Amino acid sequence: MIESNRQKKIAGVLQEDLANVLQNRLREAGQSGILISVSKVSVTTDLSIAKVYVSIFPSKNASEITAELNKIKPQIKHEIAQLTKNQLRRMPELTFYNDDSLDYIEKIEDAVKGEENPISNPDLLPKRRKS
């Protein structure tokens, strides 16, 4: 379904503010070597639920950090509500999801560049039968 302009605007505001809040929380917690970026926010048509897709580097910690974000989402929601109180009438419920699209792209690149590339090594392909 196509997003309305209002949904897109609210998603943009939430994405920007969430990125700032999450980076500040990491810095305050003393976590170094972890990078969180908010890759996408999608808001439902009734503006009550926002799905937040976060990309976490290094990806080995992604599931733990996403679970932790879902535990503390009331505090995050409160911080975002304070930042957006002049822009939003009602703050949507937040749900955090791990965005693993970067890992997926990396696996595709590794497969193409890897040692088992049939273009550079034609012996990997099965031999054709002459008919």
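A pocket is an open set of points on a 1 Å grid over the protein atoms alone, with protein on both sides within 12 Å along at least five of seven lines, and its lining residues have an atom within 4 Å of a point. Its volume is the space filled by probe spheres set on the points, which are joined across faces, edges and corners. Welcome to a predicted model, where local features need pLDDT of at least 70, side-chain atom pairs count only at pLDDT 80 or more, and totals for chains, interfaces and linings use all residues. Residues are numbered from 1 along each chain as its sequence is written, and side-chain values use heavy atoms, leaving out hydrogens and water.

- Among the 13 residues lining the second largest pocket, S55, I56, F57, L102 and D103 are the closest to its centre.
- Strand 1, strand 2 and helix 4 (101-113) each give at least two residues to that lining (helices, H or I, at least four residues, and strands, E, at least two, are DSSP runs numbered from the N terminus).
- The largest pocket holds about 230 Å³ of space.
- Helix 1 supplies four residues, the largest share of the lining of the largest pocket.

**Strands**
- Strand 1 (residues 35-43) pairs with strand 2 (residues 49-57) in the antiparallel sense over eight bridges (pairing takes at least two bridges found by DSSP).
- Five residues lie between the strands in this hairpin, where L47 takes a positive phi near 60°.
- Strand 2 also pairs with strand 3 (residues 93-98), in the parallel sense over six bridges.
- The bridge partner of V54 in strand 3 is N98.

Technical notes: 1 Å grid on protein atoms, 1.4 Å probe; cavity = no way out; pocket = protein on both sides within 12 Å on 5 of 7 lines; lining within 4 Å.
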